[in-house]
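Colleague: I am new to this one. Could you walk me through how to read its features?

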Amino acid sequence: MKKISIIVFSVLFFALPLFSQDPQEAAKLLELINGERKKAGLNEYKTSDDLKNAAALRAEEISKVFESKRPDGSEIHTIYSEHGIAVAFYGESIRTGHETADGIFRAMLKDPSDSSSILDMDYTHIGIGIYRNAKNIYWAILYCSLAE
């Protein structure tokens with residue numbers, strides 16, 4: 001019986017993903033941010049698959065090195081060009097420890113840097129990435145204006 005329990009536990013443990021993205025919470029955060037922009041009379045942020053993919057990669061990267069440099073030491077702007085995104089202006093917000101879009105949104109509104117990015121008139125696009133591992137949840141929010 002003990003052997004069967006160990007086998008069942010092992011199968012279940014290895015079948016569950018230790019790492020994952022959360023597109024539903026990312027969409028919810030975008031909705032909250034755009035709602036705040038709308039209240040302020042600003043245009044809503046646009047997004048794209050390329051920006052979402054770049055943000056998802058950044059969220060995974062900050063699970064390894066939690067800073068605004070990439071794990072290989074390069075600057076954050078390189079994430080855009082790697083995903084074929086030409087930017088005129090860019091910024092980034094990285095966070096950890098918030099389980100839901102509502103929770104991170106409330107925290108962002110309290111932070112002067114994040115709240116100013118939410119309402120920044122120079123940024124037109126946003127990418128939101130969420131990465132969960134066995135230890136924590138990581139959020140990467142990429143802001144930018146596309147180069148013409």
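Modeller: Start with one residue. This is a predicted model. Ser 145 sits in strand β3, which covers residues 137-146.

Colleague: Is Ser 145 buried or exposed?

Modeller: Buried means under 20% relative accessible area. Ser 145 has 7% relative accessibility, so Ser 145 counts as buried.

Colleague: Which residues does Ser 145 touch, leaving out those up to four places away in sequence?

Modeller: Two stretches of the numbering turn up. Ser 145 touches Ala 86, Val 87, Ala 88 and Phe 89, and also Asp 122, Tyr 123 and Thr 124.

Colleague: Now nonpolar cores. What is the general idea?

Modeller: In soluble globular proteins, nonpolar side chains tend to be buried together. Here, the largest nonpolar core has 19 residues. Leu 29, Ile 33 and Ile 141 have the most contacts inside that core.

Colleague: Which elements each supply at least two residues of this core?

Modeller: They are α2, α5, β2 and β3. The most comes from α2, with five residues.

Colleague: Next, charged side chains. How should I read those?

Modeller: Side chains of opposite charge can pair when their charged atoms come close. The count in this model comes to ten salt bridges. Take Arg 58 and Glu 92: their closest N and O atoms are 2.6 Å apart.

Colleague: Where in the chain do Arg 58 and Glu 92 lie?

Modeller: Arg 58 is in helix α3, and Glu 92 is in strand β1, residues 87-96. They are 34 residues apart, so the pair links distant parts of the chain.

Colleague: Why do Arg 58 and Glu 92 count as buried?

Modeller: Check each against the cut-off. Arg 58 counts as buried because its relative accessibility is 0%. Glu 92 is buried because its relative accessible area is 17%. This pair also belongs to something wider. Arg 58, Glu 61, Arg 70, Glu 82 and Glu 92 are linked in a network of salt bridges.

Colleague: Which residue forms a salt bridge with Asp 114?

Modeller: That is Arg 95, with the closest N and O atoms 2.7 Å apart. Asp 114 lies in helix α6 and Arg 95 in strand β1, so the pair ties together parts that are 19 residues apart in sequence. Asp 114 counts as buried at 6% relative accessibility, and Arg 95 counts as buried at 14%. Arg 95 also meets Asp 111 in a salt bridge, at 3.2 Å from N to O. Asp 111 is in the loop between α5 (101-110) and α6 (112-118). Asp 111 is partly exposed, with a relative accessible area of 26%.

Colleague: Last topic: pockets. How do I find empty space?

Modeller: Rolling a probe the size of a water molecule over the atoms shows where empty space is left. In this model, the largest pocket holds about 230 Å³ of space. Its lining has 15 residues. Nearest its centre lie Pro 23, Ala 26, Ala 27, Lys 52 and Ile 128.

Colleague: Which element gives the most to the lining of the largest pocket?

Modeller: That is β2, with five residues. Elements α2 (23-39), α3 (49-62) and β2 (125-132) each supply at least two lining residues. By type, the lining divides into eight nonpolar, five polar and two charged residues.

Key. Residues numbered from 1 in each chain as written. Predicted model: local features only at pLDDT ≥ 70, side-chain atom pairs only at ≥ 80, totals over all residues. Heavy atoms only, no water. Helix = DSSP H or I, 4+ residues; strand = E, 2+ residues; numbered from the N terminus. Buried < 20%, exposed > 50% of the residue type's maximum accessible area, 1.4 Å probe, protein only. Contact = heavy atoms within 4.5 Å. 1 Å grid on protein atoms, 1.4 Å probe; cavity = no way out; pocket = protein on both sides within 12 Å on 5 of 7 lines; lining within 4 Å. Points joined across faces, edges and corners; volume = space filled by probe spheres on them. Nonpolar A, V, L, I, M, F, W, Y, C, P; charged D, E, K, R; others polar. Salt bridge = Lys/Arg side-chain N within 4 Å of Asp/Glu carboxyl O. Core = buried A, V, L, I, M, F, W, Y, C linked by side-chain atoms within 4.5 Å.
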